[in-house]
Amino acid sequence: MATMTSEPNDCPIQADTAAAEARRRAHKDAPFLAAARGETPSRRPVWMMRQAGRSLPEYREIRKDYGMLESCFNPELLAEITLQPVRRHDADAAILFSDIVVPLKAAGVDLDIVAGRGPVVEHPVRTAEEVTALPIVESSQLDSIVEGIGGVLQGLRDDQVLIGFAGAPFTLASYLVEGGPSKNHEVTKALMYSQPDVWHALMRRLTPTIIRFLQVQAEAGVDALQLFDSWAGYLTARDYREFVRPYSTQIFDAMRAYGIPMIHFGVGTGELLGDMALAGPDVVGVDWRVPLDSAATRVSAALQEADPTAEPTARAKALQGNLDPAVLFAGPEVVETQIARICAEADRAIERGQARGHIFNLGHGVLPNTDPDAITRAFEEVHKR
């Protein structure tokens, strides 16, 4: 049945949940889905952010004649690159090959991904007039993504899931305001602090594009979603609550009708984990800086404080993470030891009722020079636990 969700500008978006359910083909007991629901999976699920990328020779070969964004909008390339690491590593989840700026590019924003630098915006957005002129993506502008998702689904087993994703409003806003990647996000923060009306207008303008991008993926048949707030870790908890969390909450609220697991992840967000959990995901991603059992304590405490009368099951989220990507360079014995530690931390949190399940992942993304065989061995080791 279709339901209605409201965008921040009060323009309704139609959610075709029936079509989405019809296109999903993963079995309900796939390890990833079971862990996300807080059930005991047949094996501990594992996937890695940036698993489809520069660490794979087959990826470098297929990408040598294509730019990043060109690859993201080419359905055949999108499907093949998404599936490459799943075939090689026996991953429990594929992550859609895309980039957080894809919906902006599809909507007509003049930007490109520059090798060695990242997304570069030709005309930064810093005034109320520029915010108003920012286009909102239309579903038809994402047809190639839908076609690519169809190709991915054909290549997955029914115990493997496909994760769609999008960048969160703060991270997209930072790229737009700064004009590209930033080490300190000083232009972004200056706008946020000095012109809060313009900032909130920008966040309201971006939120419908992100919702639509995620809805298109959900209705094409993805089994789960991840909202990346890559740069939220540069904020204080106070600023996150005022300037960021309301918009991430709107996105999770809009997507809840689809009934698929939703993950929230950011880098350097140890002090924000409780607030990110309160935004509404089912799974909280944790980077490598915070032990999983400590992360679970922070999340559980925030949920209990927000609603002291909630049932115990509502005071915990599933966790995702959190091996340091650099550990994959340290040799099999070190990798095995670190995997054992992380799994034990997750299991302790589950036993205490502070976490509902565990999806193994890195604490960020696969580094470009990682030996693919080290990744395969890591997956095998996780599956033993």
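Predicted model: local features only at pLDDT ≥ 70, side-chain atom pairs only at ≥ 80, totals over all residues.

Biologist: Why is leucine 328 called buried?

Modeller: Buried means under 20% relative accessible area, exposed over 50%, and partly exposed in between (1.4 Å probe, protein chains only). Leucine 328 has 5% relative accessibility, so it counts as buried. This residue is found in the loop between S10 and H16. Contact means heavy atoms within 4.5 Å. By that rule leucine 328 touches residues including Met48, Val335, Leu362 and Ala378.

Biologist: Why does serine 230 count as buried?

Modeller: Its relative accessibility is 16%, so serine 230 counts as buried. Serine 230 sits in the loop between S7 and helix H12 (237–243). Leaving aside neighbours within four places in sequence, serine 230 is in contact with Thr171 and Val267.

Biologist: What makes the strands a sheet, and in which order do they run?

Modeller: Strands (E, at least two residues) and helices (H or I, at least four) are DSSP runs, numbered from the N terminus. Two strands pair if DSSP finds at least two bridges between them. Strands S9 (residues 283–285) and S10 (residues 317–323) pair in the parallel sense over 3 bridges. In S10, glutamine 320 is the bridge partner of glycine 285. The 7 strands form an open sheet, with parallel pairing, in the order S3-S6-S7-S8-S9-S10-S11.

Biologist: Why do strand S3 and strand S11 stand at the edges?

Modeller: Strand S3 (93–95) and strand S11 (355–362) each have a single partner strand, so one side of each is left without a neighbour in the sheet.

Biologist: How do you know that the buried residues of H16 line one face?

Modeller: The buried residues of H16 are Val335, Ile339, Ile342, Cys343, Glu345, Ala346 and Ala349. The arc is that of the directions from the helix axis to the C-beta atoms. Here the buried residues fall within an arc of 155°, so they line one face of H16. The face turned away carries the exposed residues Glu333, Thr337 and Glu351. What covers the buried residues includes helix H15 (292–306), S10, S11 and helix H17 (372–383).

Biologist: What makes a nonpolar core, and which residues have the most contacts inside the largest one?

Modeller: A nonpolar core is a set of buried Ala, Val, Leu, Ile, Met, Phe, Trp, Tyr and Cys residues joined through side-chain atoms within 4.5 Å. The largest has 130 residues, and those with the most contacts inside it are Phe32, Leu162, Leu176 and Leu202. Helix H11 (residues 196–220) gives the most to this core, with 12 residues.

Biologist: Which peptide bond is cis, with omega near -5°?

Modeller: The one from glycine 321 to asparagine 322. Asparagine 322 is found in strand S10.

Key. Residues numbered from 1 in each chain as written. Heavy atoms only, no water.
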